[in-house]
Structure formats: structure tokens, C-alpha cells
Amino acid sequence: MEHFQEGDRTRLTETKYVNMFIKDGIFQCYFKAMEVMDIAVAIRTVKDRLNFFENQAYPCLFDITEVRQTTKEARDFMANEGNNLVLASAMIVTNPMLKMMANFYVMVNRPKNPTKLFTDRESALEWLNQFKQI
């Protein structure tokens with residue numbers, strides 16, 4: 001189900017695993033509550049995001065606060081194929097265990113675009129503004 005709100009130029013959609021929208025030139029993706037993000041979930045969410053992007057690249061906010069853990073295969077996939085059309089990634093994490101995994105992802109997997117961890121949405125959006133293509 002896609003909605004278009006002309007007033008604030010926001011396009012929204014919901015999938016099995018995420019709610020996502022584009023607002024003010026920044027893509028925002030909020031993962032739904034899940035125990036483990038495995039490779040199947042990672043592949044599905046990336047495919048859905050790429051369809052949503054319609055071949056346009058965006059700076060991206062990924063809120064993974066509702067994800068309890070991720071598998072190594074999912075992290076590897078996200079760092080490589082999962083970064084297609086992503087200008088920069090701001091990841092929101094608050095869970096200490098997930099924060100440790102996210103730090104590991106950034107340091108070891110070395111995503112192919114600028115990637116930074118945040119604990120709040122406002123700081124993440126402020127950082128992403130520098131990567132907008134307007």
C-alpha cells in the first residue's frame with residue numbers, strides 16, 4: 001500500500017519487515033520488531049527498498065532499534081549488495097547488544113558508503129543532510 005502526500009512530498013510504504021518513506025530527500029526505514037534479521041530478511045528488505053527507490057539513490061536512515069540480533073550472513077549482505085543506491089547510512093541503535101553488532105558491522109564489514117551509528121533520529125537526519133542530492 002503506497003501513499004503520496006503532496007504537501008510534504010512524503011512517499012510511504014509498508015512491507016512485511018519494514019515501514020519506509022522518503023521525506024525531504026532522505027529515505028527512512030524503520031524495521032519492525034524481530035528476533036533475528038537473517039539473510040532471507042536482509043535480501044527481502046533490500047529488494048523491497050530497491051523497488052521503492054525506482055533507480056534513485058538516497059541518503060538513508062535505518063532504524064534497527066526493534067531488531068534483537070543479526071546474522072553474519074545478513075551483515076555481510078547488507079555491507080555489500082545491501083548498499084546499492086545508498087549514498088550514506090545512518091543506523092539508529094539503542095540496544096547495547098545490537099549496538100555492539102552494528103559497530104562490528106561498520107568496522108569489520110566496512111560498508112562501501114559513509115556509515116555512522118546514532119542513538120536518536122534527529123542527529124542521524126542532521127548528519128544525512130550533507131549527502132542529499134537536490
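**Walking through the model**

Modeller: Of the 134 residues in the protein, 46% are buried, where buried means under 20% relative accessible area, exposed over 50% and partly exposed in between, with a 1.4 Å probe and protein chains only. This is a predicted model, in which local features need pLDDT of at least 70, side-chain atom pairs count only at pLDDT 80 or more, and totals for chains, interfaces and linings use all residues. Residues are numbered from 1 along each chain as its sequence is written, and side-chain values use heavy atoms, leaving out hydrogens and water.

Biologist: How many helices and strands does the protein have?
Modeller: The protein has 4 helices and 9 strands. Both are DSSP runs numbered from the N terminus: helices are H or I with at least four residues, strands are E with at least two. The order from the N terminus is β-β-β-β-β-α-β-β-α-β-α-β-α.

Biologist: What span should helix α1 have at 1.5 Å a residue?
Modeller: Helix α1 covers residues 39-53, and its 15 residues should span 21 Å; the expected span is 1.5 Å times one less than the number of residues. The end C-alpha atoms of α1 are 21 Å apart, which agrees.

Biologist: Which residues of α1 are buried?
Modeller: V41, A42, T45, V46, D48, R49, F52 and F53. They cover an arc of only 165° around the axis, so they lie on the same side of α1. The arc is taken from the directions from the helix axis to the C-beta atoms.

Biologist: Why do residues three or four places apart point the same way in an α-helix?
Modeller: Because an α-helix has 3.6 residues a turn.

Biologist: D48 is on that list. What is D48 in contact with, leaving aside neighbours within four places in sequence?
Modeller: T15 and M20, with contact meaning heavy atoms within 4.5 Å. D48 has a relative accessible area of 15%.

Biologist: And what caps the N-terminal end of α1?
Modeller: D38 does, with a side-chain oxygen 3.2 Å from the backbone nitrogen of A40. Just after α1, E54 takes a positive phi of about 50°.

Biologist: Changing topic, how many disulfides are there?
Modeller: The structure holds 0 disulfides, a disulfide being a pair of cysteine sulfur atoms within 2.5 Å.

Biologist: Is C29 buried or exposed? And C60?
Modeller: C29 is buried, with a relative accessible area of 4%. C60 is buried as well, at 0%.

Technical notes
A polar contact is a pair of N or O atoms within 3.5 Å; within protein, one must be able to donate a hydrogen and the other to accept it, and residues adjacent in sequence count only if both atoms are side-chain atoms.
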